[in-house]
Amino acid sequence: MHPAKLFDFSQTLAAALFDGIAYPWEALGKIKDFLIALGESLPKEEYEQRGDGIWIARSAKVAPTASISGPVIIGKDAEIRHCAFIRGSALVGEGAVVGNSTELKNVVLFNKVQVPHYNYVGDSILGFRSHMGAGSITSNVKSDKTLVCVHTEEGSLETGLKKFGAILGDCVEVGCGSVLNPGTVVGRNSNIYPLSMVRGYVAENSIYKRQGEVAQKR
C-alpha cells in the first residue's frame, strides 16, 4: 500500500504531497495547506485565480451552475459539469471529469479521473484514470464515529483519522451504486462489481465481486 505502488506520480501536480510518507492516507491532512502553496506558484498564463484560493486552468470547462469553494485547483482540460459541488481542499487533475451533482471534499483526483454521475468523494485520493460509476460513493466517517482502521489479511492498520474515505490506485473501476466504506484501499487495475459494499484492502489486479469473493485477473 505504499503510495509508489498505487500511483503514477507523473500524472498529478500533487506528487510532492506524498514525499516521505509510508501510507497514502497520511497525505489527507496535508491537502489544504499544500494546495494553497501550490496555487500561488502556478503559471498565470495557464491558470486563472477566480476567487480566494481558487485556481482554474484556462483550458478547463466549468459550468456556471457549479459551486466551488477554495482552496481548489482545477487542472488543464478538466470538466466541471452542471451542479457539481466542490467544497474545498480539492485538486482536480488534468482532463478529469466532475459530473452532475457530484460532491468533492478534501480530495486529490489524479489526471483523467472520472467521477461523472452523482458521486460523493470525501477525504479520498483517486489515482490516474480511476473511474467511479454512477451513484458510487466514498463513505468517510464510521457510524460510531471512532477512528478509521484499514483492514488487511495480515491485520488492521490504525490511521489515527476520524475522516478517511477511500484510496483508489491507478486505473481502478468502481461499479455503479457501490459504497466504499471508511478505510478502503484498492490497488491498481482492479475492478469493483456494481452494488458492492467494500471494506479494507483490495489487492491490485483484482476483481471484487463481494466480501470474501475476490478473484485475481488473468
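1. A residue counts as buried when its relative accessible area is under 20%, as exposed when that area is over 50%, and as partly exposed in between. The model discussed here is predicted.

2. Asp 123 has a positive phi of about 50° although it is not a glycine. This residue belongs to strand β12, which covers residues 120-126. Its relative accessibility is 5%, so Asp 123 counts as buried.

3. Arg 129 is another non-glycine residue with a positive phi, here near 60°. Its place is the loop between β12 and β13 (131-132). Is Arg 129 buried or partly exposed? With a relative accessible area of 45%, Arg 129 is partly exposed.

4. As background, most residues other than glycine have a negative phi, and most peptide bonds are trans.

5. The peptide bond between Gly 70 and Pro 71 is cis, with omega at about 0°. Pro 71 sits in the loop that runs between β4 (67-68) and β5 (72-74).

6. How many cavities of 30 Å³ or more are there? The count is one. The largest cavity holds about 30 Å³ of space.

7. Leu 13, Gly 75, Leu 91, Val 92, Gly 93, Glu 94 and Asn 111 line the largest cavity. By class, the lining has three nonpolar residues, three polar and one charged.

Key: Residues are numbered from 1 along each chain as its sequence is written. This is a predicted model: local features need pLDDT of at least 70, side-chain atom pairs count only at pLDDT 80 or more; totals for chains, interfaces and linings use all residues. Side-chain values use heavy atoms; hydrogens and water are left out. On a 1 Å grid over the protein atoms alone, a cavity is a set of points where a 1.4 Å probe fits but cannot get out, and a pocket is an open set with protein on both sides within 12 Å along at least five of seven lines; lining residues have an atom within 4 Å of a point. Grid points are joined across faces, edges and corners, and a volume is the space filled by probe spheres set on the points. Ala, Val, Leu, Ile, Met, Phe, Trp, Tyr, Cys and Pro count as nonpolar, Asp, Glu, Lys and Arg as charged, and the others, Gly among them, as polar. Helices (H or I, at least four residues) and strands (E, at least two) are DSSP runs, numbered from the N terminus. Buried means under 20% relative accessible area, exposed over 50%, partly exposed in between (1.4 Å probe, protein chains only).
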